[in-house]
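This report describes a predicted model.

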Amino acid sequence: MPFLLPLPLIIDALAFAAHKHRDQRRKDKGASPYINHPVTLAHILVTEGGVTDPVAIAGALLHDTVEDTDTT
């Protein structure tokens with residue numbers, strides 16, 4: 001599958017979300033890194049939903065930063 005998405009927007013969103021969630025863990029048995037959740041959501045949107053809008057992908061990556069971090 002060729003990537004036609006503007007990668008800088010998506011990579012910036014991923015880097016920002018990863019930084020903001022860096023000390024957070026999920027409440028699952030393995031206490032997995034929280035960033036796995038937004039990355040998984042973005043992956044599902046692209047692979048299963050066929051979403052190609054880079055703003056939507058970035059939104060998926062960032063969707064919990066305001067709610068679960070000190071981001072304003």
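## Packing of H2 and H3

Helices H2 and H3 are roughly antiparallel to each other, because their axes cross at roughly 155 degrees and angles over 145 degrees count as roughly antiparallel. H2 comprises residues 36-47 and H3 residues 54-62, and the two axes come within 7 Å. The crossing of this pair is right-handed.

On the H2 side, the contact is made by Pro38, Val39, Leu41, Ala42, Leu45 and Val46. H3 contributes Ala56, Ile57, Ala60 and Leu61. Classified by residue type, the contact of H2 with H3 consists of 10 nonpolar residues, with no polar and no charged ones.

## Salt bridge between Asp70 and Lys20

The count of salt bridges in the model comes to one. The side chains of Asp70 and Lys20 form a salt bridge, with an N to O distance of 3.0 Å. Lys20 belongs to helix H1 (residues 7-20), while Asp70 lies in the segment after helix H4 (65-68), so the pair ties together parts that are 50 residues apart in sequence.

## Exposure of the paired residues

The two partners fall into separate accessibility classes. Asp70 has a relative accessibility of 63% and therefore counts as exposed, the cut-off for that class being over 50%. Lys20, at 23% relative accessibility, counts as partly exposed, because buried means under 20%.

Note on methods:
Residues numbered from 1 in each chain as written. Predicted model: local features only at pLDDT ≥ 70, side-chain atom pairs only at ≥ 80, totals over all residues. Heavy atoms only, no water. Axes fitted to C-alpha atoms, helices over the stretch in contact; angles between N-to-C directions. Helix = DSSP H or I, 4+ residues; strand = E, 2+ residues; numbered from the N terminus. Parallel < 35°, antiparallel > 145°, perpendicular 65-115°, else oblique. Left-handed = near helix turned anticlockwise from the far one by under 90°. Contact = heavy atoms within 4.5 Å. Nonpolar A, V, L, I, M, F, W, Y, C, P; charged D, E, K, R; others polar. Salt bridge = Lys/Arg side-chain N within 4 Å of Asp/Glu carboxyl O. Buried < 20%, exposed > 50% of the residue type's maximum accessible area, 1.4 Å probe, protein only.
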